[in-house]
Amino acid sequence: MSKRHVSAIVNGDPVEFLTDPGMTLLDALRDELDLTGSKEGCGSGDCGACSVIVDGRLVCSCLMLAAEAEGRRIETIEGLAHGSELHPLQQKFLEHAALQCGFCTPGVLMASKALLDANPDPSESEVRYWLAGNLCRCTGYDKIIRAVMDAAADMRQARV
Amino acid sequence: MPQFDYLAPSTAEEAARALAITGARALAGGTDLLVQLRAGRIAPAAIVDLKRVPGATGIREESGGFVIGAATSGATIGEHAALVRAWPGVVEAASLIGSTQVQGRATLAGNLCNASPAADSVPALIAARAICVIVGPAGRREATAETIATGPGKTSLAPGEFVLEIRLPKRPARASDAYLRLIPRTEMDIAVVGAGVNLVLDGAGVITDAHVALGAVAPTARLVPEAGAALVGHKLDAAALDRLDAAARAACQPISDKRGTIEYRTKIAGVLARRAAVIAYQRAGGRV
Amino acid sequence: MIAPADARQFTGGPAEFDIEADTVRRLVSELDRRYPGLGDWLDRRMAVAIDGEIHQDAWTSTLAPDSEVYFIPKIGGG
Amino acid sequence: MSDVLDRPDTDEGLKVVGTRPIRPDGADKVTGRALFGADLIMPGQLVGKVLRSPHAHARIVSIDAKKARALPGVKAIITGDDFPNLADEFHDGGEAASNLRDLAMNVMARDKALYDGHAVAAVAAISTAIADEALALINVKYEVLPHVIEVEAAMAADAPVLHPHMFTQGLDERPSLPSNIAKKNKLARGDLDAGFAEADVVVEARYETRAVHQGYIEPHACVASWAADGQCNVWSSSQGQFMVRTYCAKVLGLEISNIRVTPAEIGGGFGGKTTVYLEPLALALSRQSGHPVKMVMSREEVFRATGPTSGGVILVKLGAKSDGTLTAADVEMKFQAGAFAGSPVGGASMTALACYDIPNFRITGWDVVTNSPKVAAYRAPGAPISAFGVESAMDELARKLGIDPIELREKNGVKNGTKASYGPTFANIGYLETLAAIKNCAQYSEPLGPNQGRGVAAGFWFNVGGESTAAVHINEDGTAVVVTGNPDIGGSRASMAMMAAEVLGVSVEQVRPMVADTASIGFSMLTGGSRTTFATGMAVVQAAEKIVAELKRRAALIWDVPADQVSWANGAAICQDEAKGAAKPLTLAGLAAQSARTGGPISAQVSLNAQGAGPGFGVHVCDVEIDPETGHVTVLRYTAAQDVGKAIHPSYVEGQIQGGVAQGVGWALNEEYIFDRDGKMENAGFLDYRVPVASDLPMIGAILIEVANPRHPYGAKGVGEVPIVPPLAAVANAVSAAIGVRMRDLPLSPPKIRAALDAKAG
């Protein structure tokens, strides 16, 4: 089976890479593009540690073939900050100690960004159900939810 | 990771030809297919991505009903205001499939053709009397949702056939539907039991048409005619609900597995059928 | 000084003793003298609690004249 | 190296300890730059994969790898024969005293496969695809044997025996027949019969829990390189790089000086990464292939082949007078150890009654091997299981006596001077304070609606001290580097920097904490046992104090005054010698700039064995609502109070409490190992091994009680493990209250609760 050429936009930059047909988008990001921020926690779409945003849609990159990325716009954790200026979500996660080991954090941050893009003023329950696909075993979620809602408030403020 | 060809046809006919290759599998959202692929449960010779086939994605209103591209993601379905108003049950069933991330990919066709007895969208599609437009080497045909799955992981599709669209019929006034499921957590689980109810009421709140479908209580999701019949001609009073509960339980042929026991699933089928009926009845303007 | 019940295999019965020693090191060697093998067995498997404070490895720990010394199984953590 | 320090008497004086600075390693973790085990890449590395037994119990008759070796791209294949056979040597390197021979046989099976998932061979190849293909070509001939997993079945006389030469230890007479019972332990005090005779009320019940997994989101991963000269390098995510080094050396028969282990960031451990699974295999494959080898477990492998904690049976009998005074307690516990001896039944026994002052008790523990993955430590190992039994029984006793569950615990609670059930006399403990905190918290008096219930439970853990090394180096610009050997799982880098900054009198931002590899810092016990802030923190403080002493000497030299005329405050040396008049204070930066002239680089390292780790107590209250028709449980409110000694960084202390509660709630409601008839795990994935998700839980209130531990410079106690001990019983007591039926068999899944309701309805 010969490799397949894929070109896509990752974090705003045009990229090209070769994939075996069976390679997932997560494998391509990590092994072909050296973007190791997205993590594999389960490989079956049950933990969310591999969450990225494809054409504005939050998805598990382990449940998407790399070949399907042809021509698509992909956002990963490595593109969330603006240069060395952290995104409000990244800053609030640090301020609220919303991470301990940090393994789930990239996935949680991408999911939170997708949430705030769609819903700038989510309730606690809306945040919890939106993030239900991002497992965290260290924090018990409390500080993650507070950090997301605090960031949402700051971002609404900034828009005024 | 097994090796196979990845094909992304741009016409329905091309897709049908590709799918006719022995060992070819259709890919829409991939949230079931890739899990089975990585677990080595399937080793397809080719994967045929349907998302670039015209009509496979997108939602349009047609002669009062809705036509949903079978490869449309659950997230897109959940955001379609008119569809949500007309078919809240079908939409909530589609939106319960997996996490937000899975919603970004999972599709009605995938959920239907993966043929899991516990598929979330299928009981609602069956209760809605949804029609599947199937394309294959021999052309197009239509089939009701309940005829697609024939057993766990098995479908009635012939080689080369795939579901292109799903049609939901025109809604009369005072009609609505609902879908409920029982899971141990609040998200992320496979349904232990699922129940879809679709009702039409007359001006006085009497049920004139009723369809009830159950998931995870038999080898496939199934329409339960007796349950619907138990409601037609009545208001949604206690007696009607009791009859519905009994009919739902009678239709159960569940298994005991890591998610639930036979006894439990049977009881819960009655509970969810009743609750879904109440929600559908109220959405249709009835007062309980 | 109190040893756990398993110490019976060396002492043939008593598990409580009165011993003159100003460090745990000397206490253990005195025990070993009275009941051969007991000292080494305690060292390998036991932590020491001196007046309520647990010392996982305590040869250097000093003892007051009326210290209460308990030998308890070593504790692992997660 | 004395480890006794005089603690600052007042907290007001503290400028950094107790505040909530942003953790120094945070930026990398929120931008995806932090390197975890699977993120490391070495040039020329191969992919390593493990062939695992599909049988729960089988003799390995033969392994034929000829076809696999011939497959192009395959560079190495190893089996049990590639490992030295170790004598039955006890080693105390890891958490509990672990039998190294068992460890080696768990890493790679020898003559028998003892559980579904047990490693029987491993390959290294140039790609994942080729490695997978090679595994399929290895032909293992098994003689399948009957298996046993359920603990009481494994204890039966006719049970299939896992280890033909295992004879039960701790029995009165030496047994003649081999058994799956590895050990019986007993802890007793007073006259049990007399105690029960005195009792007006007795409750007696049987409780059960299932095996559960730590559930860390990061699967085990490592890269290992065995160089031609025998120098080995390992990068792996573990709870202790020194532990990895020790075990690899033992399993492979190497000298420790030949192995250097560099800690990658660790994606959660909770005790499950206090042993080794992949590292010795990767090293052996690297030796045979001459290439570095990378190995990453799949989630399924993590469940099937890495240590869960025990499933257990807990029999509890409590006797009390009508006024609630406990007179006697009899606890018997049977724990699964998995394929090799060594369950946490010892820890469970010692903690079972640790919260209560009971004159007459007996605690019996059985350590039983079973055909399931070898049990590993899981956060206060064993304590949540014994607490589930005892704290449920206390709830049943409170109901029978008609006494408020907190008051019953206050009446019998241990305080300073009480003799602990595990032996020593308690000092500086805060159990009664934590009980009072819950009694007075808002949730405890919140009104309850229909189908709602409230449960209370307490929990205890010893906490551990142990060996740690820390170094402090002052840079030329006066900033500092703090180096320790403890992986940072929950924010410990921040607390190390905070304690050093407090002593040096500078801002925490000027102190850079580092976690070093095994060749760059002195030996340190692993991160676990809630010990890091206590023991490693103590070493950091002592090293920083040595630096301050040296800085004062340097200042004395510069001012040419006697050393005792110099004091240190707010990060500067202050001249007390009137003769010198108002000499300007010499800041850390000023002194660092002149270090060459005044004696050279300013560095200090302290190695110690911290003693006197203060035990921790926690009291939790949980409110639930039950759907009476489906049996579904919703956790409405949860509050946890805990004696933490002194919270160095309060946010991360709260985080430990909230994380422990979430794991406990999962353990109580939905988590369990489910085995099929053939002894294979049916739910080896996050779909059907149901850990709590964000929408399952409410906000978790954390109340920090600070009863200082004098053995720590700032009064800190271990905090990480106590919070997982109370939740099993707190949830079960709440559910039992809500449905009016005592639930004694975890997990409390909806089908069980609905069945209990149906049985009650009759």
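Me: How many bridges join E16(D) to strand E17 of chain D?
Reply: Strands are DSSP runs of at least two residues (E), helices are runs of at least four (H or I), and both are numbered from the N terminus. Two strands pair if DSSP finds at least two bridges between them. Here, 10 bridges join E16(D) to E17(D), residues 360–369, and the two run parallel. Gly338(D) stands opposite Val369(D) in E17(D). This is a predicted model, where local features need pLDDT of at least 70, side-chain atom pairs count only at pLDDT 80 or more, and totals for chains, interfaces and linings use all residues. Residues are numbered from 1 along each chain as its sequence is written, with chains lettered from A and ligands numbered from 1 in the order in which they are written.

Me: In which sense do strand E15 of chain D and E16(D) pair?
Reply: Antiparallel, over nine bridges, with E15(D) covering residues 312–320. Leu315(D) stands opposite Glu332(D) in E16(D). Their hairpin has five residues between the strands, and Gly324(D) takes a positive phi near 100 degrees there.

Me: Which unit do E16(D), helix H10 of chain D and E17(D) make?
Reply: A crossover is right-handed if, with the strands pointing away from the viewer, the path from the first strand over the helix to the second runs clockwise. These three elements make a right-handed β-α-β unit, with H10(D) at residues 345–352.

Me: How many residues does the contact take from chain D and from chain C?
Reply: Two residues are in contact if their C-beta atoms, placed from the backbone, lie within 7 Å. The contact takes 37 residues from chain D and 24 from chain C. H10(D) gives the most to the side of chain D that touches chain C, with three residues.
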